[in-house]
Amino acid sequence: MISVCLVVFQLFCSYLSEGTIMGDPQKHRILMVSDFFYPNFGGVENHIYYLSQCLLKLGHKVVVATHAYGNRSGVRYMTGGLKVYYVPWRPFVMQNTFPTIYGLLPIIRTILIRERITVVHGHQAFSTFCHEALMHARTMGYKVVFTDHSLYGFSDGGSIHMNKVLQFTLADVSQAICVSHTSKENTVLRSGLPPEKVFMVPNAVDTAMFKPAVDRPSRSEVIIVVISRLVYRKGVDLLVEVIPEVCRLHPNVRFIIGGDGPKRVRLEEMREKHSLQDRVDMLGAVPHAQVRSVLISGHIFLNSSLTEAFCIAILEAASCGLLTVSTRVGGVPEVLPDDMIVLAEPDPSDMVHAVQKAISMLPNIDPQVMHNRVTELYNWNDVAKRTEIVYDRALKCTTQNLLERLSRYLHCGPWAGKLFFLVMLVGFLLWKLLELWQPADDIEMVPDFALPRDSDEERLGKNPIK
């Protein structure tokens, strides 16, 4: 009986030490790495910012590392005490830094040591900054998590090249996150990562920022809003065929198009050809702070993407009370319930039919009800708590020695595997050389401090850039 009591007491003490009874879960020190962050705007940038803010609220230490943007270089602080390292690396193409393989090793090592990081979290498959940072973090023995925000094919040259790079990065990753079930399947097939190491954590939207208009737009004319980067992947060529046909069938329909890109000239040519200057407004690039003011002026949001892992723009539009018409591609069918979105194949005639169906559904749409449903379905605090679980799993992964880690890369292909093996081996030797040249004990640790936090509504409603 005494032995049984001793065993129970030991178990009780172990639970107390792990914080399971006292409600004090392990706090992480996280380094977010990506080429894509503010002041640049996009889905990945918003995801990193809002996730970091909610993780700070949960008591974790969060630091962001990205490349310099213009004269924005060095260390900056953002809302809530979020610390950002703008590494003096200039973008090479499409906001990506030039791949140097080992060029980032000294500064990434310094940041990891100074901030006493425990988990490194990389974002976006075509971010060279992310791939290099994760590679060096694993070389130094840190646990790493990777979030894939995009879908890629398997046949074209660019996708084949990117899939091989992703296979190299994920060969030694601790855990991975995808933003939809479709994205998870795509990532597992492209990288060969075991499915049990990949978690599905969706994106979310700041519903406090995207609220419906107090006064609903008049239905004397139906306004269809398009806000997107005007590039091939976003289906601009589809819009060029859909817009004239919709305008022909419905004289009371007007389009508002926000965004910029190389395909903008195609839309302007279409507008001139069909004499639709008074029915198609081209706004150009729309700052993120003004997206809501554009959305609430419309009734329907039109998304014509040819591929999407998870479309945050759809959530923002639904949160503003707009009925959505979208192509049935990637993870889009997972985003909203069927009564809040009309899906169509990426075909002009099917898209026109979907827009007509959406116009007939407008009398039954209540913007405030749609906003409330989006608020219940998607919440950044929930995303942060689910990501927290992934960090916990990553830290529980067994630590492998150099030979065990290098052996993984040999399975990446008969030639690529040997190349990856050599890259990691040289990286390990360079890291050891840095350890001799500048020992970790000589690097000054950064003191922690906490800023007083405002309420969620006040904090997330402010402009994040200071």
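Guide: Helices (H or I, at least four residues) and strands (E, at least two) are DSSP runs, numbered from the N terminus. This is a predicted model, in which local features need pLDDT of at least 70, side-chain atom pairs count only at pLDDT 80 or more, and totals for chains, interfaces and linings use all residues. Residues are numbered from 1 along each chain as its sequence is written, and side-chain values use heavy atoms, with hydrogens and water left out.

Visitor: Okay, so where is Asn163 found?
Guide: Asn163 is in helix 5, residues 157-170.

Visitor: Is Asn163 buried or exposed?
Guide: Buried means under 20% relative accessible area, exposed over 50%, and partly exposed in between (1.4 Å probe, protein chains only). Asn163 counts as buried because its relative accessible area is 8%.

Visitor: And which residues is Asn163 in contact with?
Guide: Contact means heavy atoms within 4.5 Å. If you leave aside neighbours within four places in sequence, Asn163 touches Tyr152, Gly153, Phe154 and Arg190.

Visitor: New topic: what is the mean pLDDT of the protein?
Guide: It is 88, and 91% of the residues reach 70 or more; pLDDT is the predictor's confidence in each residue, from 0 to 100. Over residues 1-24, though, the pLDDT is below 50, and this stretch has 8 contacts beyond near neighbours in sequence. Residues 455-466 also stay under 50, with 25 contacts beyond four places in sequence. Where pLDDT is low, the predicted coordinates should not be read in detail.

Visitor: Which strands pair with strand 7 in the parallel sense?
Guide: Two strands pair if DSSP finds at least two bridges between them. Strand 1 (residues 29-33) is parallel to strand 7 over 4 bridges, with Val33 opposite Gly122. Strand 8 (residues 143-148) is parallel to strand 7 over 5 bridges, and there Thr147 is the bridge partner of His123.

Visitor: What about strand 14, which way do its residues point?
Guide: From strand 14 (residues 300-303), Ile300 and Leu302 point one way and Phe301 and Asn303 the other, and all are buried. Strand 11 (residues 222-227) pairs with strand 14 in the parallel sense over 2 bridges, where Ile224 stands opposite Ile300. Strand 15 (residues 323-327) is also parallel to strand 14, over 4 bridges, and Asn303 faces Ser326 there.

Visitor: What covers the buried residues of helix 10?
Guide: The cover includes helix 2 (43-57), helix 9 (291-295), strand 14, strand 15, strand 16 (341-344) and helix 12 (367-377). In helix 10 (residues 312-319), 7 of 8 residues are buried, among them Leu315 and Glu316. Just after helix 10, Gly321 takes a positive phi of about 90°.

Visitor: Last one: how many residues line the largest cavity?
Guide: A cavity is a set of points, on a 1 Å grid over the protein atoms alone, where a 1.4 Å probe fits but cannot get out; lining residues have an atom within 4 Å of a point. The largest cavity has a volume of about 160 Å³, the volume being the space filled by probe spheres set on the points, which are joined across faces, edges and corners. It is lined by 14 residues, and the closest to its centre are Arg216, Pro217, Gly298, Gly321 and Pro367.

Notes. On a 1 Å grid over the protein atoms alone, a cavity is a set of points where a 1.4 Å probe fits but cannot get out, and a pocket is an open set with protein on both sides within 12 Å along at least five of seven lines; lining residues have an atom within 4 Å of a point.
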